[in-house]
Each structure stands twice: as C-alpha cells, then as structure tokens.
Amino acid sequence: TDDTSVGDLLNLGPVSAAWLREVGVRTAGDLNRLGAVAAFLMVKARHADVSLNLLYALHGAVTGTSWNKLSATTKAKLKRDADTL
C-alpha cells in the first residue's frame, strides 16, 4: 500500500531506506509519485558514490520485481533516463 515504509519494500535494505528518508522519500506512495529515476538522482545528489544498483532496486521496488531479474534493456533505459535528467 501507499503508506508502506520504504524500509519494507522489495530490494531496499536499511541503508537504502535511510538514504531515501534523508531526501524525504518515506513511503511506497512517495516513491511511486517521484519515480525510481528521480528518487535515485535525489539520493545521488547527497551520496555521490551511490551505484546504479540503487536505481535498479528502486525500479524493482516500484514495479514489484527483484532488481536482479530486470532485463538488460530495462537497466539500459533506466541508466539513459538518469543520465538525461
């Protein structure tokens, strides 16, 4: 549901959840409204060393998919989207 804590979402552990909370993303609803790419870029602005794995994890959290099951095409599109914003 929309009020599920980001810490309880698929793919997101305690560190990822803490980073998201730092930038105001506290619930599944927050993440769904922002989208994975925007949320990733907000975290990356504060933590420059964040890897693309977070982007994939966020997309998986939004879509209910394990990040390591995302296709190469999906990962490439996410990376392109992040690079163009």
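**A tour of the core and helix α4**

The largest nonpolar core of this predicted model comprises 24 residues, and those with the most contacts inside it are L12, L20, L55 and L58. Colour the helices next: α1, α2, α3, α4 and α5 each give two or more residues to this core. Of these, α4 gives the most, with six residues.

Select L12. Not counting residues up to four places away in sequence, L12 touches V6, G7, L20, L54, A57, L58 and A61.

Now select helix α4, residues 52-63. At 1.5 Å a residue, its twelve residues should span 16 Å, and the end C-alpha atoms lie 17 Å apart, which agrees. Display the side chains of α4: the buried residues are L54, L55, Y56, A57, L58, H59, G60 and A61. Which helices do the buried residues of α4 pack against? They pack against α1 (14-22), α2 (28-34), α3 (36-46) and α5 (72-84).

Finally, show α3 together with α4. Two packed helices are described by the angle between their axes and the distance between the axes. For α3 and α4 the angle is about 145° and the axes are 9 Å apart. The crossing of α3 past α4 is right-handed. To see the contact, select A36, V37, A39, F40 and V43 on α3, then L52, L54, L55, L58 and H59 on α4. The residues of this contact of α3 with α4 divide into nine nonpolar, one polar and no charged.

Definitions and conventions: Residues numbered from 1 in each chain as written. Predicted model: local features only at pLDDT ≥ 70, side-chain atom pairs only at ≥ 80, totals over all residues. Heavy atoms only, no water. Helix = DSSP H or I, 4+ residues; strand = E, 2+ residues; numbered from the N terminus. Expected span 1.5 Å × (residues − 1). Buried < 20%, exposed > 50% of the residue type's maximum accessible area, 1.4 Å probe, protein only. Contact = heavy atoms within 4.5 Å. Axes fitted to C-alpha atoms, helices over the stretch in contact; angles between N-to-C directions. Left-handed = near helix turned anticlockwise from the far one by under 90°. Nonpolar A, V, L, I, M, F, W, Y, C, P; charged D, E, K, R; others polar. Core = buried A, V, L, I, M, F, W, Y, C linked by side-chain atoms within 4.5 Å.
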